[in-house]
Amino acid sequence: MSVDKYEIIIGCEIHCQLLTKTKAFCACENRYGGMPNTRVCPVCLGLPGAMPRVSKGYVELGAVAGLALNCNIAEFTKFDRKHYFYPDLVKGYQITQYDIPLCADGYVDLPQNDGYKRVRIERIHLEEDVGKSLHLEGAHSYIDYNRSGTPLIEIVTKPDMCQPEEAALFMQTVQEILRYVNVTEGNLEEGNMRCDANINLKIWENGKEYRTPISEIKNLNSFRSIREACTYEVKRQLEEFENDRQEYVAGFKRTLGWDEAKGVTVAQRTKNSFVDYRFVVEPDIKPFTVSRELVEVARSKVGELPEAKRIRLKKEFGLSDFDVQTLTTSRALALWFEECAKLSKDPKKAANWILAELLAVLNERSQKITDIAITPAHIAELVNKVADGVITSRQAKDVFAEMIETSKMPGEIIAEKGLAATTNTDEIAAFVREVIAENPKAIEDLKSGKSNVVGWLMGQVMKKSKGKATPAAATKLLNEELAKL
């Protein structure tokens, strides 16, 4: 027996919590963490007689996600019940969507060296999250129902990925897009996004094609775990094929967990989704139409997406790949830069100030761009003051530091501290002559051929002028005086 070759087949199911104010079907606050079982009500606790109501904001955010991922939005949809039994699923069923999802037929383009690879999205449906089991030390486990009823979308792809790295990149790209349109926090550590990876192999042996059973690796919550779990599962399925092959059956899956510490997948259960879940129409929520107005409101919230913005910023402002990648890490930062660029005489210099100086301050303070007191106009005016020769680049750093601390505009700081650069040639020439007179050793070194002395002398001139001398004027006058020696 010999495996001639094999092909990896991966599809992903991403569960993503939405940034609504309330839970999916009740008025309880939608928020992470807190004291267990303090944000619950009869609806999210599944008590008899409690009636769920659909939040308009929930449907709208689902539509925003669908449009951002290039899906069609259904004109008519409904909710269904999906039955399964876990301690943290208090009702014994989950309210979800089965055969008429809100969004369908979308795609995500993954950037690659030679272009893009398209991963098709089969559907995005609305559903509620379950509670959380807490396994503490000792013999007891506890249930926190604060998460129960949290609004989710589930993004289901076609099996278009053929490498573990692609699955990880897909998750990363979806996270970036959905954060960008303010659908989710996308915090993997807090479980805002979780990925189930469905993986099997197409194997050719002695000229005949086989398929391995599908494994569904549940609740992967980091890009690394997606990549490593899929990589391990490929190896495991190859070994199983060689030693104890099993036939592929449509609809049948093995559910696996990922033991990150041991680096192995762990069997949990088997399921046939068509039978196990016993889908029925949710009787407490009427089917509903999705208005054109709701879809247009959702579309207006999508706007320009990260990759399109990166391409435009590179072309419009001559920025590098690194520049645009960093400036588009969040929509707020990208819009902040664009506003600054409109007001600036040199958008590239404005980008440099944001990337090198402003982001360093934000990182040091653990802040976001929305937390900072200064505005795009501050950076734009600072860039313009340097461009106009009002202050030097060296002085600009001092003005920036003062600006960060006080939120005053650069012009005000320059006036208060008397920092305006001087173009008075008589004044600068005097500085030059003083430096030459005070440094005879440097002049001797210059005469003996050490040309790097000129740069050092220039530094002394700038120092003596307290940074006020414009570099162009100082350089010209220094060269003129040195030529006389």
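N219 is partly exposed, because its relative accessible area is 48%. On that scale, buried means under 20% relative accessible area, exposed means over 50%, and partly exposed is in between, with a 1.4 Å probe and protein chains only. N219 is found in strand β13, residues 214–220. Helices (H or I, at least four residues) and strands (E, at least two) are DSSP runs, numbered from the N terminus.

Before I go on, this is a predicted model, where local features need pLDDT of at least 70 and side-chain atom pairs count only at pLDDT 80 or more, while totals for chains, interfaces and linings use all residues. Residues are numbered from 1 along each chain as its sequence is written, and side-chain values use heavy atoms, with hydrogens and water left out.

Back to the backbone. Most residues other than glycine have a negative phi. N219 has a positive phi, near 55°, and is a residue other than glycine. N206 is not a glycine either, and its phi is positive at about 50°. Where is N206? N206 sits in the loop between β11 (193–205) and β12 (208–211). With a relative accessible area of 58%, N206 counts as exposed.

Next, the cysteines. A disulfide is a covalent bond between the sulfur atoms of two cysteines. The rule used here asks for a pair of cysteine sulfur atoms within 2.5 Å, and by this rule the count is 0 disulfides. C71 is in no disulfide, and the nearest cysteine sulfur, that of C103, lies 5.4 Å away. C71 is buried, since its relative accessibility is 6%. C162 is partly exposed, because its relative accessibility is 29%.

Now the helix packing. Two packed helices are described by the angle between their axes and the distance between the axes. The axes are lines fitted to C-alpha atoms, for helices over the stretch in contact, and angles run from 0 to 180 degrees between N-to-C directions.

Helix α6 (residues 306–317) packs with helix α8 (residues 331–343) at about 20°, the axes being 13 Å apart. That angle makes α6 roughly parallel to α8; the classes are roughly parallel under 35 degrees, roughly antiparallel over 145, roughly perpendicular from 65 to 115, and oblique for the rest. On the α6 side, K309, R312, L313 and F317 meet A334, L335, F337, E338 and A341 of α8, where contact means heavy atoms within 4.5 Å. By class, this contact of α6 with α8 holds 6 nonpolar, no polar and 3 charged residues. Ala, Val, Leu, Ile, Met, Phe, Trp, Tyr, Cys and Pro count as nonpolar, Asp, Glu, Lys and Arg as charged, and the others, Gly among them, as polar.

The second pair is helix α9 (residues 347–365) and helix α10 (residues 376–387), at an angle of about 120° and with axes 10 Å apart. Here α9 is oblique to α10. From α9 the contact takes K349, A350, W353 and I354, and from α10 it takes I379, L382 and V383. These residues of the contact of α9 with α10 divide into 6 nonpolar, no polar and 1 charged.

One last residue. D323 is in helix α7, residues 321–327. Is D323 buried or exposed? D323 is buried, because its relative accessibility is 5%. Leaving aside residues up to four places away in sequence, D323 touches K348 and L355.
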